Amino acid sequence: MSAEVTALLFYFLNALTCPIVNRPTAECLTGPGWRHEQWALACRRVGIPTRRISGVCGLAQTPVESEPIRSVAVLGNEFVEGQDLSHAARVFELAELACVTFLRVNFTGEGCFHSVQLTPQLHCQHHQSALTRFFGLV
Amino acid sequence: MVILWGLAEDRPLELVWQHLRELEADVVFIDQHRLPEYTIELDLDKQVSGALTGPGFSVDLKDIRAAYLRQYNFEQLDTFDGVARGSELWKQAVQFEGTLSLWCELAEAAVVNRPSAMGSNNSKPYQSDIIRGMGFAVPDTLITTDPESVIAFWRKHQRIIYKSISSCRSIVAQFTNSDLATIDDVTACPTQFQQFIDGVDYRVHVLDDRVFPSKILCLDDDYRYSDRAQVEGTSLPDEVSERCVALSRRLGLRLSGIDLRRSQAGEWFCFEVNPSPGYTHFETGPLSVGRELAEFLSRV
């Protein structure tokens with residue numbers, strides 16, 4: 001049953017013509033279902049520094065820090081947070097490459113790619129304001 | 001080097017393997033029954049590199065020029081009977097298959113078919129929009145959980161069929177009076193209903209820019225589950241062949257199985273594009289999809 005509802009949602013959300021925060025893909029309803037390694041490669045393509053990714057049977061090397069230090073988030077053409085960080089502007093290019101409208105890239109203390117988030121943080125005022133503008137509610 | 005990934009008893013994969021051996025191609029068969037015996041090392045520095053190792057072999061990933069994928073859900077295999085999710089054996093299998101899938105997605109090799117390209121089939125209505133956009137007719141469709149809508153749709157078209165929306169296999173069946181007794185079941189799960197198209201079935205396998213059409217003569221609603229289906233090699237109008245090639249390319253597929261029905265009025269309807277077709281059921285004509293696929297993989 002979940003496969004049927006997911007199939008329906010994929011079609012329905014893709015067919016909408018209103019603004020959407022991250023159109024679904026066949027792999028994921030909230031945007032590209034990329035693995036960490038695919039995001040890392042995409043970061044390299046747009047010039048965001050990444051650590052070397054290697055391992056046996058998919059064990060990607062994790063950054064030294066267990067938690068990211070800083071983040072840059074974009075929604076449409078707008079910075080939501082972190083625009084003062086180096087490489088911040090490249091996050092727009094990464095979003096375009098991944099075909100997403102919202103993208104939050106987390107960086108290590110050394111300024112390397114750590115991880116991404118595709119879902120806005122609705123409890124955060126900056127994200128709320130940006131979403132309000134994105135949906136034309138202001 | 002060509003890699004095959006799946007089960008040795010899978011007939012489409014087995015046939016390609018057989019033809020590759022006849023062509024004396026270098027082949028590595030990743031047998032899912034033996035998953036615990038394989039490892040893959042992946043390095044994503046300046047380019048995608050690494051090694052694939054298994055019983056009696058170790059291959060540099062850069063030497064792999066082509067891959068044919070027909071993998072099944074490993075959890076349902078005998079090898080993993082009683083293996084708990086989260087156990088080391090299970091995790092290793094998940095990681096191996098995930099990493100191999102990743103390589104299949106990123107590699108410069110010719111992959112039949114890349115994992116991301118297989119996804120459109122996960123949603124029939126989504127795929128139908130693409131099919132319609134490429135010039136094929138698509139039956140009038142209703143997706144609903146409302147019994148009254150089903151009945152209204154049935155009255156409108158007189159003859160309708162129903163099937164699953166996702167890629168989960170379902171037996172296509174006509175909606176009849178006897179289904180009225182269980183019509184309320186539709187409230188439990190969205191279901192796809194379509195106008196019934198009276199006509200002749202065709203299965204067209206597309207390999208790159210070549211088509212291999214078969215005509216299916218069958219009185220049952222779903223020839224795939226009928227023992228009365230007769231398959232014969234055939235030809236298509238050039239325009240339909242070209243449309244099939246364009247559709248397969250649009251979906252990012254090197255190999256596809258396209259289900260067509262030519263209506264009594266001569267209109268070509270397309271029901272579905274299968275990204276991992278079981279072509280062996282249709283090997284009746286002079287051209288063998290299996291042999292052509294093996295030659296394609298070995299020539300890359």
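**Exercise 1.** How much space lies in the second largest pocket?

Solution. This is a predicted model, where local features need pLDDT of at least 70, side-chain atom pairs count only at pLDDT 80 or more, and totals for chains, interfaces and linings use all residues. Residues are numbered from 1 along each chain as its sequence is written, chains are lettered from A and ligands numbered from 1 in the order in which they are written, and side-chain values use heavy atoms, without hydrogens and water.

- Step 1: on a 1 Å grid over the protein atoms alone, a pocket is an open set of points where a 1.4 Å probe fits, with protein on both sides within 12 Å along at least five of seven lines.
- Step 2: the volume, meaning the space filled by probe spheres set on the points, is about 280 Å³.
- Step 3: 14 residues line this pocket, lining residues being those with an atom within 4 Å of a point. Nearest its centre lie B:Tyr162, B:Thr182, B:Asp185, B:Val186 and B:Thr191.
- Step 4: strand E9 (160-163) and strand E11 (191-195) of chain B each give at least two residues to the lining; strands here are DSSP runs of E, at least two residues, numbered from the N terminus.

**Exercise 2.** In what order do the 5 strands of the open sheet in chain B come?

Solution. 

- Step 1: the order is E14-E13-E12-E15-E16, with antiparallel pairing; two strands pair if DSSP finds at least two bridges between them.
- Step 2: strand E14 (230-233) and strand E16 (268-274) of chain B have a single partner strand each, so one side of each has no neighbour in the sheet.
- Step 3: look at E12 (residues 199-207) and E15 (residues 255-263) of chain B, an antiparallel pair with 9 bridges. B:Val206 has B:Ser256 as its bridge partner in E15(B).

**Exercise 3.** How many residues does each chain bring to the contact between chain A and chain B?

Solution. 

- Step 1: with contact taken as heavy atoms within 4.5 Å, chain A brings 24 residues and chain B 32 residues.
- Step 2: the buried area, the accessible area (1.4 Å probe) that two parts lose on being put together, summed over both, is about 2300 Å². Carbon and sulfur atoms give 63% of that area.
- Step 3: A:Glu4, A:Tyr11 and A:Cys57 supply 27% of the area that chain A buries against chain B, more than any other three residues.

Notes. Helix = DSSP H or I, 4+ residues; strand = E, 2+ residues; numbered from the N terminus.
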